[in-house]
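Reader: I have a chain on my screen and want to learn how to read it. Where do we start?

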Amino acid sequence: MEQKNGSSFTGFILLGFSDRPQLELVLFVVLLVFYTFTLLGNSTIIALSHVDPQLHTPMYFFLSNLSFLDLCYTTSIVPQFLVNLSGADKSISFGGCVVQLFMSLGLGCTECILLAVMAFDRYAAVCRPLHYTVIMHPRLCALMASASWLVGFVNSLLQTVLIFLLPLCGRNKLDHFLCEVPPLLNLACVDTTVNESELFFVSVIILFIPVALIIFSYVQIARAILRIKSAVGQRKAFGTCGSHLTVVSLFYGTAIYAYAQPRNNYSQDQGKVIALFYTIVSPIINPLIYTLRNKDVKAAMKKVLSKIFI
């Protein structure tokens, strides 16, 4: 078969769940509901962090960054998925696929680093409370947040270029509901061992270095909390970290499964289910975790609602 570069395609066919047409209507309804609540939940956190002076702290600055990231992430994937679920046309343009891969990779990598930055913020709050305002200076917070976004999208640019330089030999049927690295590698008609090794190496760096920093931070936090004699003080300290730790566990569990395992162990069907979780479920769970478990956010919400309805 004559080799063609991916740029010669007019687009890709996202097979998604077309082999299970009975699921598509259910998925469309569930996805639409989840996407609506994701937009509402994350927008609420961003708005509250902006309007309530009590939330003008490093913790909520990073949380609003995370909420904005989740909004961008779901918006880069879900609308196209809804269009493909609503009819027989499962296509995505070549340019659309490139943009979707670039955005999803960039935002995913940014979240990896941002969660580590948030863990450092919790470490400073619990282990260095007297020096917290000095350590977490607004300039440092802005610098760490900016660095998270920059590193995430520089890595995404590199990965996206390397993926779309591979010859696809006329193949354009993508066994997924979004443009993602593993199914795109499966389309290549050349040996992708080097690409897979490079992806695995970068994934280990992007995933496991932040995980190591998070583990180190929480080990120090646990030691500091255990030294607190007051049970009330211990509960308060655990409460400030519990939400973040829950989000970290959910995010890294799925990300490590999707990207940090050898390709010969990768199951396409399992990959779709995992992708559904971190593209749809995780972004709606994050604001719920931070609102239901956080007294400051609930208090800010009550204050805003009382101003509206009174």
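Reader: How far apart are the end C-alpha atoms of residues 140-166?

Author: They lie 40 Å apart. That span is 93% helix and 0% strand. Helices here are DSSP runs of H or I with at least four residues, strands are E runs of at least two, and both are numbered from the N terminus. This is a predicted model, in which local features need pLDDT of at least 70, side-chain atom pairs count only at pLDDT 80 or more, and totals for chains, interfaces and linings use all residues. Residues are numbered from 1 along each chain as its sequence is written, and side-chain values use heavy atoms, with hydrogens and water left out.

Reader: Which residues does UniProt list for "transmembrane region"?

Author: The unreviewed UniProt entry lists 25-48, 60-78, 98-120, 140-166, 200-226, 238-260 and 272-292. UniProt positions are given in the numbering used here, feature names are shortened, and annotations may be inferred rather than shown by experiment. Take residues 60-78 as another case: the end C-alpha atoms are 26 Å apart, and the span is 100% helix and 0% strand.

Reader: What does the secondary structure of the chain come to?

Author: Ten helices and three strands. Along the sequence the pattern reads β-α-α-β-α-α-α-β-α-α-α-α-α.

Reader: How do I describe two packed helices?

Author: Use the angle between their axes and the distance between the axes. Axes are lines fitted to C-alpha atoms, for helices over the stretch in contact, and angles run from 0 to 180 degrees between N-to-C directions. Now the case: helix H2 (residues 58-85) and helix H5 (residues 138-164) have axes that come within 10 Å and cross at roughly 20°. That makes H2 roughly parallel to H5. The cut-offs: under 35 degrees is roughly parallel, over 145 roughly antiparallel, 65 to 115 roughly perpendicular, and the rest oblique.

Reader: Is the crossing of H2 and H5 left-handed or right-handed?

Author: Right-handed. A crossing is right-handed if the near helix is turned clockwise from the far one by less than a right angle, and left-handed if anticlockwise.

Reader: Which residues of H2 and H5 meet?

Author: From H2 come Pro58, Phe61, Phe62, Asn65, Phe68 and Leu69. From H5 come Cys141, Ala142, Met144, Ala145 and Trp149. Contact means heavy atoms within 4.5 Å. By class, this contact of H2 with H5 has ten nonpolar residues, one polar and no charged. Nonpolar covers Ala, Val, Leu, Ile, Met, Phe, Trp, Tyr, Cys and Pro; charged covers Asp, Glu, Lys and Arg; the others, Gly among them, are polar.

Reader: At what angle do H2 and helix H3 cross?

Author: Roughly 160°, with axes that come within 10 Å; H3 is residues 94-127. That makes H2 roughly antiparallel to H3. The crossing is left-handed. The contact of H2 with H3 holds 15 nonpolar, six polar and four charged residues.

Reader: And how do the axes of H3 and helix H7 cross?

Author: At roughly 15°, coming within 9 Å; H7 is residues 193-226. H3 and H7 are therefore roughly parallel. H3 passes H7 in a left-handed crossing. Among the contact residues are Cys109, Leu115 and Tyr123 of H3, with Ile206, Pro210 and Tyr218 of H7. The classes here are 17 nonpolar, two polar and one charged.

Reader: What share of the chain's residues count as buried?

Author: Of 310 residues, 48%. Buried means under 20% relative accessible area, exposed over 50%, and partly exposed in between (1.4 Å probe, protein chains only).

Reader: Is Val78 buried or exposed?

Author: Val78 is buried, because its relative accessible area is 2%. Val78 sits in helix H2. Not counting residues up to four places away in sequence, Val78 touches Leu31, Tyr35 and Thr279.

Reader: Where is Ile92?

Author: In strand E2, residues 91-93. Ile92 is buried too, with a relative accessible area of 6%. Leaving aside neighbours within four places in sequence, Ile92 contacts residues including Phe12, Gln80 and Cys179. The C-alpha atoms of Ile92 and Leu178 are separated by 9.0 Å, though these residues are 86 apart along the chain.

Reader: What share of contacts joins residues 24 or more positions apart?

Author: 80% of the contacts in the chain with a separation of 6 or more.
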